[in-house]
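This report describes the fold and the side-chain packing of one protein. Please keep the sequence and the model in view while reading.

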Amino acid sequence: MSVQSSGSPQASPMAYNRHVQPFRKILVALAGIDTDKQLLDYAAMLAGISAGAELHCVHVTGASSAGSRWIASALESEVRAALEPLPSGQVSCHVLEGERTDALLSFATTAGTDLILLGHRRNRSGRRSLARRLAMEAPCSIWMVPEGSPASLRTILVPIDFSRRAADALSVGTAIAEAAGLDECLALHVYFNKATVTFDEYDEIIAEEKGQAFCLFVAPIDLHGVHAKPLFVEGVNVADTINRVAAEQKADLIIMGTRGRSRSAAVLLGSETEQTIIDTKIPILAVKHFGARRKLVEVLLDKRLRQRGDQRFT
């Protein structure tokens, strides 16, 4: 296990023993508080289902260089104890200086991570701004773990709206389910019935139409051999309905897509994903839309160049 005070992690050979590897490089954002142990346990679980995945444990501090070295030593001890079963070459520790969000974004961009894992304290005030900003700006997916969440995956819920980003989320959800040894993944569609007049057969007709739409939706998606079980639930508030169904189904994880905006290559969460991140009491994975990843990396690198006064990319 190596400790670095700055810079990007060194790549190491990866040997996979599963057909699906949901994540290859995972940035574990440690806060230097007591809940880090829980987040490291969760990271170990993810490393177990993503065989060979690299874990880059990162703590951002405003301390001086001397202080950073002391923190790095303490961080290594904590990480070593929590992730002892993993090969030393699979785990690295990094202590960075600066503003936390910017430092994490910079590290994720430079290191080429495909997932940022971060925790959230139950009694923390605010609207989970760190998770939301990372989900909007990071060049990879964001997995937020509220305090008290068990390190287990038994039921995965993927809200869908039949869009491309929902297709991305469902493909990732079934990949995680396959890697975790699950046979099915729940695909939830929340709809709002605006009809003021109905008839006896109305519900049956609506259910049949939604069933046909779902079959067409999943047909081109790689489901990794996992059954995508559709759930059609009526609800006025999508985020509230998602959290309610997640509780009813005893879901361990909610997976939702982000919304790409091609002109600026910025990634918007979408109101439903953002509100679910704010309200959820269980882990949530915000999947970066596949087509937006490369463009966003280019924008972030361009921003860094402009901040240094260099000529921007054309």
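In which loop does K250 lie? K250 is placed in the loop between α7 (238-248) and β10 (253-257). Helices (H or I, at least four residues) and strands (E, at least two) are DSSP runs, numbered from the N terminus.

The model is predicted, so local features need pLDDT of at least 70 and side-chain atom pairs count only at pLDDT 80 or more, while totals for chains, interfaces and linings use all residues. Residues are numbered from 1 along each chain as its sequence is written, and side-chain values use heavy atoms, with hydrogens and water left out.

**Overall composition**

The secondary structure comes to nine helices and 13 strands. Of the 314 residues in the protein, 50% are buried. Here buried means under 20% relative accessible area, exposed means over 50%, and partly exposed lies in between (1.4 Å probe, protein chains only). Among the contacts with a separation of 6 or more, 81% are between residues 24 or more positions apart; a contact means heavy atoms within 4.5 Å.

**Backbone with positive phi**

Most residues other than glycine have a negative phi. K250 has a positive phi of about 55 degrees although it is not a glycine. K250 is exposed because its relative accessible area is 66%. F162 also has a positive phi, near 70 degrees, and is a residue other than glycine. F162 is found in the loop between β7 (156-159) and α5 (164-179). With a relative accessibility of 29%, F162 counts as partly exposed.

**Nonpolar cores**

In soluble globular proteins, nonpolar side chains tend to be buried together. A nonpolar core is a set of buried Ala, Val, Leu, Ile, Met, Phe, Trp, Tyr and Cys residues joined through side-chain atoms within 4.5 Å. The largest such core has 55 residues, and those with the most contacts inside it are V28, L117, W143, L170, I176 and L285. Apart from it lies another core, of 37 residues, including L96, I116, I282 and A286. Which residues does L170 touch, leaving aside its neighbours within four places in sequence? L170 is in contact with V158, C185, A187, F217, V218, I221, L223 and A228.

**Aromatic rings**

The structure holds four aromatic pairs. Rings of Phe, Tyr and Trp (its six-membered ring) pair if their centres lie within 6.5 Å; planes under 30 degrees apart count as stacked, over 60 as edge-to-face and the rest as tilted. Two of the pairs are listed below.

| Pair | Centre to centre | Angle between planes | Arrangement |
|---|---|---|---|
| F23 and W143 | 6.0 Å | 65 degrees | edge-to-face |
| F214 and F232 | 6.5 Å | 90 degrees | edge-to-face |

Together with Y42, F23 and W143 form one aromatic cluster.

F214 belongs to helix α6 (residues 202-218) and F232 to strand β9 (residues 227-234), so their pair ties together parts that are 18 residues apart in sequence. F214 counts as buried because its relative accessibility is 6%. F232, at 26% relative accessibility, counts as partly exposed.

A charged residue also faces a ring: K210 lies over the face of Y191, at 3.9 Å from the ring centre. A charge sits over a ring if NZ of Lys or CZ of Arg is within 6 Å of the ring centre and within 35 degrees of the ring normal.

Is strand β3 mostly covered or uncovered? Strand β3 (residues 54-61) is mostly covered, with eight of its eight residues buried. In a regular strand the side chains alternate between the two faces of the sheet. In β3 both faces are covered: E54, H56, V58 and V60 are buried on one side, and L55, C57, H59 and T61 are buried on the other.

Two strands pair if DSSP finds at least two bridges between them. β2 and β3 run parallel and are joined by six bridges. K25 has E54 in β3 as its bridge partner. The chain crosses from β2 through α1 to β3, and this β-α-β crossover is right-handed; with the strands pointing away from the viewer, the path from the first strand over the helix to the second runs clockwise. β3 also pairs in the parallel sense with strand β4 (residues 91-97), over seven bridges. In β4, H94 is the bridge partner of V58.
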